[in-house]
Amino acid sequence: MTDDALAEQLDYYRRRAGEYDETAYGDVATARERIARLVAGMRPAGDVLEIACGTGLWTEALATWAGTLTAVDAAPETVEIARSRVRSANVEFVVGDVFSWTPGTRFDVVFFSAWLSHVPVGRFDGFWRALEGFLAPGGRVLFIDEHADVRGKETFVADGIVERRLRDGSTFRVVKHFLEPDSLTRRLHRLGWDCVVGRDGDWIRGEAGRIPPAAQ
Ligand SMILES: C[S@@+](CC[C@H](N)C(=O)[O-])C[C@H]1O[C@@H](n2cnc3c(N)ncnc32)[C@H](O)[C@@H]1O
């Protein structure tokens, strides 16, 4: 079920690529300003990995802070849009599935926006274990996602599964677990992460780092 749901979710994002910016963000110029402000607040310096970069709206802002930026997404269609949007010399795009991709290096910062809520419950712990392996010592995970307050806009067809519709009328099942800051913080703490989650309107923003083994 999980693998089927993930495959359908990816298919959905591949087909949505051309309409994503408008349907996800509405006024893209306003979204860019908000993204630039949030990224500036997170200060993602050094070698940065962006997971599920989509059409590159966050990549664009991250590139101004990062020394190097590796931006990964499993949908070639979204990576193509991101590539044409972000031409900074310090950015490398990769088409890859985050559940199987291995970077071959470690990063000071791993960032993802609108991704964690698409990770199935059964993959959550493994995803955070993989993140530990992606991070250099002292590295940080930074993330943005939707606040649970906006869950009413979705059509749930099962626990953690919503139905989404594209402009051509086609429908897809997508994984969606809205994240509530307090329970997310507790859950990550149990996995050995020190985590602070704040709010920016309808989004949450989080920062997590490994708790040193001696303190766990
Ligand atoms: C909600 S979009 C977020 C895009 C971008 N980060 C943003 O905030 O605008 C989710 C992204 O996850 C990507 N994706 C889906 N499954 C993936 C996987 N298994 N590995 C990597 N990326 C994946 C999709 O292609 C899509 O671009």
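Student: Which residue in β3 is the bridge partner of L69?

Tutor: Start with the terms. Strands are DSSP runs of E with at least two residues, helices are runs of H or I with at least four, and both are numbered from the N terminus. Two strands pair if DSSP finds at least two bridges between them. Here V91 in β3 is the bridge partner of L69. Strand β2 (residues 68-73) pairs with β3 in the parallel sense, over five bridges. This is a predicted model: local features need pLDDT of at least 70, side-chain atom pairs count only at pLDDT 80 or more, and totals for chains, interfaces and linings use all residues. Residues are numbered from 1 along each chain as its sequence is written.

Student: In what order do the strands of that sheet run?

Tutor: The order is β3-β2-β1-β4-β5-β10-β9. These seven strands form an open sheet with mixed pairing. β3 (91-95) and β9 (193-200) each have a single partner strand, so one side of each is left without a neighbour in the sheet. On average, neighbouring strands are turned by 15° against each other, direction ignored.

Student: Which helix packs on this sheet?

Tutor: First, contact: two residues touch if their C-beta atoms, placed from the backbone, lie within 7 Å. For angles, axes are lines fitted to C-alpha atoms, for helices over the stretch in contact, and angles run from 0 to 180 degrees between N-to-C directions. The helix is α5 (residues 121-134). α5 touches β1 (47-51), β4 (107-113), β5 (135-146), β9 and β10 (203-210). The direction of α5 makes about 135° with that of β5.

Student: What is the pairing in the sheet β6-β7-β8?

Tutor: Antiparallel, in an open sheet of three strands. The edge strands β6 (155-158) and β8 (171-175) each pair on one side only. Neighbouring strands here are turned by 45° on average, direction ignored. Strand β7 (residues 161-165) joins β8 over five bridges. In β8, V174 is the bridge partner of V162. α1 lies across β7 and β8, at about 120° to β8.

Student: How do I describe α1 against α4?

Tutor: Use the angle classes: under 35 degrees is roughly parallel, over 145 roughly antiparallel, 65 to 115 roughly perpendicular, and the rest oblique. The axes of α1 and helix α4 (residues 76-85) come within 7 Å and cross at roughly 30°. That makes the two helices roughly parallel. Y13, R14, A17 and Y20 in α1 meet E77, T78 and I81 in α4.

Student: And at what angle do α2 and α3 cross?

Tutor: At roughly 40°, with the axes of α3 and helix α2 (residues 28-42) coming within 9 Å. They are therefore oblique to each other. A31, R32, I35, A36 and V39 in α2 meet L57, W58, A61, L62 and W65 in α3. Nonpolar means Ala, Val, Leu, Ile, Met, Phe, Trp, Tyr, Cys and Pro; charged means Asp, Glu, Lys and Arg; the others, Gly among them, are polar. That contact has nine nonpolar, no polar and one charged residues.

Student: Which residues come nearest to the ligand?

Tutor: A residue is near a molecule if its C-beta atom, placed from the backbone, lies within 6 Å of it. Of the 21 residues around the ligand, Y13, A52, G54, A75 and S113 come nearest. α1 (2-25) and α3 (57-65) are the elements that give two or more residues to this shell. The largest share, five residues, comes from α1. By class, the shell has 14 nonpolar, five polar and two charged residues.
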